[in-house]
Protein chains: 2
Amino acid sequence: MPDPDSVVERAKRDETPVHRASSADAQRIAALLHAFNTEFDTETPGVAVLAERLRTLLAGPSTFAVLGGDPVVGVALVTLRPNVWSDGPVALLDEMYVAPEQRGSGIGSAILRQMVEICRDLGAAAIEINVDESDAGAMRFYERHGFSGTDPDSGERAFYFYRSLEPAN
Amino acid sequence: MPDPDSVVERAKRDETPVHRASSADAQRIAALLHAFNTEFDTETPGVAVLAERLRTLLAGPSTFAVLGGDPVVGVALVTLRPNVWSDGPVALLDEMYVAPEQRGSGIGSAILRQMVEICRDLGAAAIEINVDESDAGAMRFYERHGFSGTDPDSGERAFYFYRSLEPAN
């Protein structure tokens with residue numbers, strides 16, 4: 001598997017246009033997230049609703065996004081929250097999506113590196129991601145980029161637990 | 001294992017004083033969190049630093065805490081972040097701690113129920129928790145309270161991945 005610091009990977013990265021999104025990108029990001037959920041048969045409120053929310057969220061201090069490709073074919077969406085264990089916030093990579101035909105081109109790595117740099121600039125203490133158990137490819141991708149699924153002290157993994165408060169459909 | 005809706009459990013709950021914390025509780029919460037990390041051999045910046053942060057966080061819109069017992073022997077600390085998939089925020093139970101000698105008394109359940117009610121009042125779409133793989137007791141506790149470690153659609157678990165951005169010690 002490619003080393004993200006290899007000469008080839010660095011060259012790919014330097015050729016990959018990535019930028020931090022503004023509210024003006026809301027429609028484009030909404031289209032990608034809608035495609036993401038549609039690809040994986042997950043419910044989506046539709047592009048218009050997502051775009052409206054993103055316009056608000058991206059104008060605030062707790063959400064940012066990184067876009068990759070020209071035209072844009074990939075997105076990382078990150079939210080920040082305060083945390084008592086650190087002075088800075090904790091970032092969560094809520095969504096990471098690259099259009100199917102563009103996977104393996106280095107765009108995902110370029111987006112992720114830019115995302116980490118923005119988190120650093122914002123003073124974030126850590127970045128978290130919840131990864132589906134079956135998604136070995138995603139785990140390898142994040143591990144290559146310095147993420148770990150085990151606690152450095154205990155060597156233990158942690159599971160993501162969840163309770164919806166929305167009325168059942 | 002006790003059913004949280006049983007008569008006995010409800011009686012215990014009704015007898016357990018729980019309240020949403022204010023900034024004035026910062027010192028008390030800091031002492032509990034410090035005891036928590038000390039019990040589990042995890043690093044802690046100390047009571048003074050935690051109390052200072054909590055005074056700020058509890059005065060803001062993105063953090064709340066629930067305290068249980070009189071005197072206080074348990075705490076739940078929750079942070080909120082926006083999310084593109086819902087109108088309301090998503091809540092994360094960052095910390096849940098009951099002093100060792102008080103465990104099994106129903107205080108944890110009373111705190112958790114109050115925490116869920118506050119999340120509802122705040123319009124949260126969901127509550128998330130990261131639970132250590134070995135902590136079967138915690139998993140059972142959260143499952144009894146309506147949390148699930150598997151995605152309702154895919155039946156899959158998700159792992160918590162993490163990258164620290166703080167300088168290594």
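What rotation superposes chain A on chain B, and with what shift along its axis? The rotation is 180°, the shift is 0.0 Å, and the RMSD is 0.0 Å.

A word on conventions. This is a predicted model: local features need pLDDT of at least 70, side-chain atom pairs count only at pLDDT 80 or more, and totals for chains, interfaces and linings use all residues. Residues are numbered from 1 along each chain as its sequence is written, with chains lettered from A and ligands numbered from 1 in the order in which they are written.

Now the axis. Phe159(A) comes closest to it among the residues of chain A, at 2.4 Å for the C-alpha. Both copies use the same surface: 100% of the contact residues of chain A recur in chain B. Contact means C-beta atoms, placed from the backbone, within 7 Å.

Next, the interface. Chain A gives 47 residues and chain B gives 48 residues. On the side of chain A that touches chain B, 24 are nonpolar, 11 polar and 12 charged. Nonpolar here is Ala, Val, Leu, Ile, Met, Phe, Trp, Tyr, Cys and Pro; charged is Asp, Glu, Lys and Arg; the others, Gly among them, are polar.

β5(A) runs antiparallel to β6 (residues 158–164) of chain B, over 7 bridges. Strands are DSSP runs of E, at least two residues, numbered from the N terminus; pairing takes at least two DSSP bridges. One bridge joins Asn130(A) to Tyr160(B).

Note on methods
Least-squares fit on C-alpha atoms with pLDDT ≥ 70 in both. Contact = placed C-beta atoms within 7 Å. Helix = DSSP H or I, 4+ residues; strand = E, 2+ residues; numbered from the N terminus.
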